[in-house]
Structures are given as structure tokens and as C-alpha cells.
Amino acid sequence: MGTALIQILVFPGLLFLAVAGLAGEFIDRRLYARFQNRMGPPWFQPLADFIKLLSKEELVPDGADRGLFRLMPVFALTAVVTAFFYIPLWGTSALHAFSGDAIVVLYLLTIPTFTYFLGGYTSKSVYALLGSARTLTQLYAYEVPLFLAVLGPCLLAGTWSLSELTLFFQARPWALAANAAGFVIALIALLGKLEKVPFDIPEAETEIVGGAFTEYSGRFLAWFRLSFDIEMITGASLLAAVFLPFGLGLGFAAGFGLYLVKILFLIALIALIRSLVARLRIDQMIGFCWKVLAPVAFLQVIVNLVLKGIFFS
Amino acid sequence: MPDFGNVQIPVGPQHPALKEPESFLITLRGEKITAASVRMGYNHRGVEKGAEGRTYTQDIYLVERICGICSHSHGTAFIQAVEEIAGLDVPRRAKYIRMLVGELERVHSHLLWLGVAGHEIGFDTLLMYSWRDREVVMDLLAAVSGNRVHYSMNTVGGVRRDVDSALAETILKGVDRLEEQTKYYIQVCSEETTVIKRLSGVGVVTHEDALRLLVVGPTARASGVARDIRKDDPYLAYDELDFKIVTSDHCDVYGRTLVRLGELMESYSMIRQIVKNMPDGPITVKAPRKIPAGEALSRYEAPRGEDVHYVKANGTEKPERVKVRAPTLANLQAVSHMLRDNNLADMPIVIAAIDPCFSCTDRAVEIDRADSGPRDRMDWGRLRAHGIDFYRSRGVDFTELNRSLTRRMKKL
Amino acid sequence: MIRPGAMFGTLIASVFRKPATHRYPAARFEMPANFRGQIGFIAKNCIGCRMCMRDCPADAIEIRKVGEKRFEARFDLGRCIYCAQCVDSCPKSALEATDRYELAGYNQDQLKAFFEAAPAPPAASAAQAAPQEEPSPKEPVPAPDPGK
């Protein structure tokens with residue numbers, strides 16, 4: 001009981017994730033700045049933002065469902081932290097593992113998006129309403145390619161458990177090459193999930209102010225922002241576990257270092273992409289996801305099925 | 001059954017997409033804009049009235065502050081009108097220096113616009129890079145005039161600062177660097193998929209509509225209307241320079257981007273010609289403090305389009321009437337036309353694409369109708385009483401509201 | 001050629017370049033030679049023609065006579081728009097545009113710059129022994145120190 005509590009609250013749970021999330025936000029912002037030939041914020045900036053938001057007054061708009069409005073940030077945070085426990089990080093087994101946890105993780109990662117929607121929907125502001133509508137619309141665009149992309153490796157390994165999946169690829173690292181297209185698709189879909197350029201449509205500040213979070217302030221906004229940061233770590237961990245599961249048997253110290261390198265690499269990729277391109281329009285985004293990403297992801301699934309039939313049956 | 005399809009969203013007076021207060025009321029069906037209305041007047045500062053109460057020398061600095069970006073344009077347009085009334089023959093060197101600052105200002109304004117456009121489509125990298133390079137031209141302007149904003153180069157009868165050969169070298173060097181960077185931005189804007197996707201086909205104003213809506217400046221030139229005051233009605237010494245009007249037949253925001261980038265390249269060549277052909281001589285002539293009675297209209301091609309100043313003098317130290325028509329006023333009418341049938345996501349870039357300057361635009365017009373009898377003006381006291389009554393009749397009592405707020409403040 | 005990520009090369013190169021960010025206030029700015037900063041007053045040159053007051057668009061200058069051919073100046077830095085028209089208007093070069101630009105302060109008093117009149121010549125000072133209508137402060141009010 002005591003160990004479980006420490007695991008949930010301290011390591012690798014909430015505290016570790018919060019630190020990693022804030023550090024991840026710093027690295028993302030710093031790299032983004034360096035790509036733009038700027039200096040970027042100092043290392044404590046995300047923490048300072050977080051503390052400042054905590055100290056601010058929180059306002060609940062008139063007519064909003066007070067309970068729902070306050071609950072949503074907590075829900076978002078809980079969901080992303082929970083999802084983290086089922087992902088194998090530096091070993092071949094996750095903290096908790098069971099057959100089918102890949103699906104659970106994907107669904108847990110969907111919950112934050114729904115909380116953004118519900119939080120915005122209950123804010124009674126046109127900007128928030130439009131932002132939440134866009135959040136949902138975007139969800140239906142990137143979710144299918146993301147699921148299909150993760151499905152590919154799962155089919156190859158013949159398992160729905162992330163831990164077994166890593167075991168499978170640990171034994172045959174060369175099989176990872178088959179998933180290259182899936183990796184790119186999952187990375188792009190992750191950008192949509194994290195609402196980062198080119199898919200920051202739900203919170204495009206020049207169009208709809210703050211999107212779903214327009215009415216959020218103080219503590220609640222701080223939780224939401226923290227949940228975004230942690231979602232980035234969780235999402236990157238999922239990608240690392242599914243598409244980059246190599247070097248997992250190195251023991252804790254080396255394995256943890258390698259895990260951090262992988263996460264850093266993914267965050268750097270995210271920062272690079274978001275400084276490379278302009279924001280897409282929602283119709284262009286949906287078109288891109290369904291006409292480009294989804295067919296390629298589907299092709300990946302078929303290729304993996306064929307490979308499975310040839311090599312691993 | 002209520003209509004859930006139409007949502008009205010207010011954009012402004014305070015909105016992240018707008019750099020200045022202005023109100024656009026946008027009606028949406030889903031993400032499509034079905035109607036848009038523009039409401040101005042949030043930035044009325046009484047500049048024209050203020051100009052009537054100041055001397056011509058003081059007015060130069062007042063008029064310059066109509067706009068922070070095209071301050072030289074407004075200043076020069078005003079001073080040209082004054083000099084025309086006074087019959088002053090401005091030295092050629094002064095004209096060249098005015099042109100030099102004018103073109104540097106255009107470069108600065110267009111680079112600024114490029115960054116803003118990048119920001120509006122969520123491409124902050126373009127913003128950071130173009131504003132980094134804008135620093136070069138800002139420093140050049142500071143070297144020429146002394147300050148980065150509000151160059152204050154004009155005085156009645158000439159300019160206040162001379163350009164020596166060392167400065168000319170600096171300018172040429174700076175222009176070389178800017179040209180190289182601008183070529184890069186042209187390349188980026190014509191290659192980057194997401195930029196092209198976001199800009200083309202957005203905010204369309206056809207050639208016919210452009211003529212009908214009387215748009216000016218790069219907005220008009222992007223619809224194939226080859227109008228440029230520097231060519232059509234040359235002022236200063238623009239007839240001595242070799243340049244061409246940059247136009248585009250894209251008719252959309254992408255066209256406006258290309259036109260502005262093309263004008264940057266033209267401006268660089270013009271700056272080189274100005275520096276090379278700069279005549280010797282004095283930079284100012286003696287001007288009288290009292291300007292003889294008369295009136296003049298002056299046109300100037302500001303970075304955003306045609307800027308018109310009208311000055312009426314009555315033989316004293318102060319003008320009798322100053323009228324300013326900023327280019328944004330001409331273009332603003334077209335915005336609601338451009339917005340229709342576009343996506344909400346395109347609203348910021350469509351508004352930004354005319355390079356609006358709302359505080360330049362706001363003027364008050366008092367219409368004196370023949371049948372309305374004697375004019376009725378309200379003083380402060382009556383205006384206040386009218387305001388209180390107006391809201392009371394609609395069920396809002398600010399007196400009560402103020403009291404309850406005071407009580408709440410005391411409790412805290 | 002239309003392609004996504006057209007700025008890729010520049011972005012990667014930027015990581016290895018010095019950031020363009022200027023480290024103000026750690027690194028100071030150098031003002032151009034023509035810079036129009038806070039207006040300075042050279043009391044001994046002033047003849048009290050008040051041309052500067054007349055031409056000032058912002059009504060920021062006050063020149064007062066404190067004795068025979070002796071004038072003191074007050075500048076309202078909050079009103080001043082730093083156009084330096086007064087410098088051009090002055091027929092005797094009693095005003096100059098300095099390169100001081102960090103003029104913000106924590107209170108209104110810091111926005112008032114006062115320049116004492118030139119010391120009276122010995123002969124004149126005896127004649128001027130009678131108390132002035134408003135004694136001027138001994139110390140000139142300093143312009144806000146940029147370093148603070």
C-alpha cells in the first residue's frame with residue numbers, strides 16, 4: 001500500500017511527472033526560441049508561470065456549471081497521470097500491465113481532450129464554445145490515424161499489451177523498421193492531441209482568444225496547463241514505448257537515461273515541427289488527417305499484417 | 001425552433017488578433033462567416049481639431065503622431081500641403097532625404113506586416129525572423145533621423161537632418177543585408193506549403209470589386225489595380241526615380257503578401273538610386289511663421305496606400321482646417337466584403353492583410369442637416385445626465401451598481 | 001517547388017547561431033549621433049526669448065527669469081515628446097538633445113527636470129540681492145538615474 005502510494009504520488013507518479021512536464025515545457029520553449037534565433041525563457045519559467053497561476057484568483061463565469069467547470073482540470077490531470085502507469089518506460093514492463101492496456105492507454109489519453117471540450121462548453125462564452133467545438137472536431141480527425149498507427153506494431157507483435165509489445169521488439173529490434181510510417185503518423189497525431197502548431201486550431205489565439213480555456217483562470221488554468229505538459233510526456237513515452245522500444249534491458253540507471261534521451265528527442269521533434277509550419281485551418285486539418293494520414297496508417301496496418309503472415313506466423 | 005446555426009462573435013474592440021481597438025461583429029454559421037460588420041470610433045483622438053489650435057511647427061509633430069508606423073508619410077503629406085500654400089520651393093536635397101526616409105519607412109512597415117501576417121496564421125517563426133531583420137532598417141532610420149519611431153525629419157521648408165557620405169555607406173550596407181533576407185522571405189512564401197495553403201484563395205477582392213470598393217495601396221495592387229501615387233501623381237522627386245508598380249492578379253491575401261514583398265525589392269533599388277543621385281545643396285529654405293491664406297490637398301503613397309491631407313490656411317500661424325484621410329479608411333470598407341464566405345480561421349489574416357491602422361483612421365464627422373434647425377451640442381454636465389437617463393430607461397442603474405461595488409470593496 | 005518545412009535549413013542553423021536577442025539591460029544600447037533624448041539646458045547661453053516654449057508641441061518647457069539675463073528651465077519629461085524642435089528653435093544654442101533615454105520613474109517628481117540659472121556675475125548679484133519671488137531649489141533635480 002505504502003509503495004503503491006509513493007509510486008502514484010512521487011515516482012514515477014505525479015511529482016515526477018510534474019517535474020518532467022515542466023522541464024519538457026521548458027525544453028520545448030527553449031528549442032522553439034532557438035529555432036527562431038531567440039534566447040528563450042530561463043529554466044524556471046514554466047515553474048514560475050505555474051506558481052503565479054496558482055496564486056491568482058479563479059473566476060467561474062456566471063451561468064457555468066460550477067461543479068463541472070472546477071472538476072474538469074482535475075479530471076484531465078488524473079487521466080494523463082493514470083495513462084502513464086501503463087506505459088513501459090525504461091524496462092520491458094510497465095508499473096501496471098495487463099492484457100489490453102494499449103487500448104486503455106489510448107482511451108485514457110482521449111479523456112483530457114474531452115475535459116477540454118466539456119470545460120469550454122460549460123464556460124458560456126462564444127470563444128470557449130467555438131474552441132470546444134474545434135477540440136472535438138479535431139479529435140475525430142487525428143484519433144483514427146493515431147489508433148491505426150499504434151495498431152500496426154500491436155498486430156506485428158500479436159498482443160494488446162504494451163509490456164508484451166516491448167518484449168517482442170526487444171527480442172527482434174530489426175522489426176522496428178517496419179513501423180517507420182506509423183511513427184511519423186503517430187507523431188503528427190500527437191501534435192493534434194497536444195494542440196500544438198500546425199494543429200493548435202482549438203486555441204488559436206488570434207482567432208478565438210484562448211479557445212476552450214478562455215474563461216479559465218488561476219488554479220484551474222494551472223491544472224489544465226500542467227495536464228498539457230504531462231500529456232506531452234505521456235504521449236512521448238507512449239511513442240517511445242511503441243515505436244522506439246530498444247535498449248530496455250540495461251537496468252535502471254542506463255535505461256532511465258536512455259528513456260530521457262528518447263523523450264528529449266521526441267520533444268525536440270515536436271518543437272521543430274511547430275516552428276516549421278503555419279497553423280492549418282480546421283477543414284484543411286481534417287482533410288489532411290483523413291486523406292493523407294488515415295490511408296497511410298491503414299496501409300501500414302496491411303503491410304504489418306502481411307509481414308506478420310510471412311515472418312512471425 | 002431557435003436558430004442554432006448562426007452564432008455572433010464579437011471580434012474587438014479588444015481581441016488578440018487586433019493590435020488596436022476596433023469592433024468587428026461576425027456572424028458565423030459553423031466555421032463560415034456569413035456576415036461581418038465593422039464599427040469604428042474607438043480611437044478617436046481629435047487630431048484634426050488639435051491641429052487647428054497649434055502652430056504649423058507644432059502641427060508637424062502632432063500630425064506625425066497620427067500613426068506610429070507611417071509617421072513620416074503623414075508628416076510629409078501635411079508639410080507638402082503647407083509648403084504648397086506658402087509657395088515654398090523646397091531644395092532638391094531635402095526632397096531626396098524625404099524620399100529616403102519615406103522608402104526606409106516603407107521597408108520597415110512592410111517587414112512589420114510580414115511578421116504580423118505570419119503571426120496571424122500561427123507561423124511565429126516568420127514573425128521572429130522578419131522582425132529580427134526589421135531591426136536593421138529601424139537602426140538605419142535611427143541613424144538618419146535620430147530615433148527609431150517618429151523620425152521628425154520634416155520642418156516647414158525642408159528637412160532637419162542631413163545625410164553625410166558615411167551614413168550613406170551605412171544605409172547601402174544595411175539595404176544589402178535586407179535585400180538578401182527579403183529574397184529569402186520571398187522564397188519561403190512561395191515554397192512553404194502551409195503558408196500558401198493558408199493565404200491563397202482567402203479574402204478575395206476581384207479586380208472589379210477593388211475598383212468598386214475604392215481600395216488603395218497594396219490591397220488594390222494585389223487585385224491588379226496598378227495605382228500608385230508615386231507614379232500617378234509624383235510628389236517629391238519620385239519622377240526622377242526608376243521603379244515599377246508591383247501588382248499581382250491573385251486578388252487574395254497571398255497576392256497582397258507577394259505585392260508587399262515585391263515592393264520591398266523595389267524600395268531597395270529606390271533607396272540605392274536616392275543615395276547615389278543625392279544632389280548637393282541646402283537642406284532647408286527659410287519659411288515664414290505665418291502661412292498666407294489658401295488651401296491645398298496633398299497626396300502621398302504611404303506604405304498602406306494613398307494618404308490624403310487637406311490644409312486650409314488663413315494667414316495666421318495656425319491652420320484653419322486640417323483634414324486627414326488615412327489609407328485604412330479607404331480599405332476598411334472592403335474588409336466586410338472580404339470576410340464574407342471565408343472561414344473564421346481566416347478572419348485575423350484577412351483583417352491584417354489590409355495592414356489596418358485604426359487609430360490613423362478614426363475621425364469624427366458632424367453632419368449639419370439643413371432641416372435639423374440650430375445645432376444642438378451637449379456640455380459635460382448634460383452629457384452625463386443624458387447617459388444616466390439613457391441607461392436607467394433600459395433598466396440599468398449605475399448609481400446602485402457603484403454603491404454595491406463600493407460595499408463589496410469595503411468588505412474585502 | 002512547393003514543400004512543407006521550407007525554413008528547415010535556417011532553423012537548424014539558428015540553433016548554432018548566437019541569439020539575436022539583445023541582452024538589455026545587461027548590455028547597453030549605443031545611441032546614434034542624431035539621437036533625440038532628454039533635452040539639456042545650457043543656462044549661460046539662454047537669452048530668454050522663449051522661442052522654445054512657443055514652438056514646443058507638448059507645452060513641456062518652462063523658462064523663467066530669475067535675474068538680469070539669468071534664466072532657469074523646467075522640463076516636464078512626462079509631457080515632452082522628444083522631437084527636439086526646441087533645439088532647432090533656439091537661436092543661441094542654449095538647448096541640446098542629450099543621449100539620455102531611460103527616463104521612466106516611480107513617481108511624478110522624477111519626471112520633472114530642473115536646470116538652475118547660470119550664476120550671476122558679481123556686479124549683478126549685488127543688485128539682485130533682493131529676495132526672489134520664488135526661491136529656486138539649491139540642488140538641480142537630477143534626471144532619473146538609468147542605473148537604478
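**Pockets and a sheet**

User: How much space lies in the largest pocket?
Analyst: The largest pocket holds about 1100 Å³ of space, where a pocket is an open set of 1 Å grid points that fit a 1.4 Å probe, with protein on both sides within 12 Å along at least five of seven lines, and the volume is that of probe spheres set on points joined across faces, edges and corners. This is a predicted model, in which local features need pLDDT of at least 70 and side-chain atom pairs pLDDT 80 or more, while totals for chains, interfaces and linings use all residues. Residues count from 1 along each chain, chains are lettered from A and ligands numbered from 1 as written, and side-chain values use heavy atoms without hydrogens or water.

User: What's the make-up by class?
Analyst: The lining of the largest pocket has 15 charged, 13 nonpolar and 6 polar residues, with Gly counted as polar.

User: What about the second largest pocket, which residues lie nearest its centre?
Analyst: B:Glu135, B:Asp139, B:Arg148, C:His22 and C:Phe29 lie nearest the centre of the second largest pocket, out of 30 lining residues, and its space comes to about 820 Å³. Helix 5 of chain B supplies the largest share of this lining, 8 residues, and by class the lining has 14 nonpolar, 9 charged and 7 polar residues.

User: Switching topic, what's the strand order in the chain B sheet?
Analyst: The order is 1-2-3, in an open sheet of 3 strands with antiparallel pairing, a pair needing at least two DSSP bridges. Strand 1 (6–11) and strand 3 (32–39) of chain B are at the edges with a single partner strand each, so one side of each has no neighbour in the sheet.

User: How many bridges join strands 1 and 2?
Analyst: Strand 1 and strand 2 (residues 23–29) of chain B pair over 6 bridges in the antiparallel sense, and B:Ile9 stands opposite B:Ile26 in strand 2.

Terms used
1 Å grid on protein atoms, 1.4 Å probe; cavity = no way out; pocket = protein on both sides within 12 Å on 5 of 7 lines; lining within 4 Å. Helix = DSSP H or I, 4+ residues; strand = E, 2+ residues; numbered from the N terminus.
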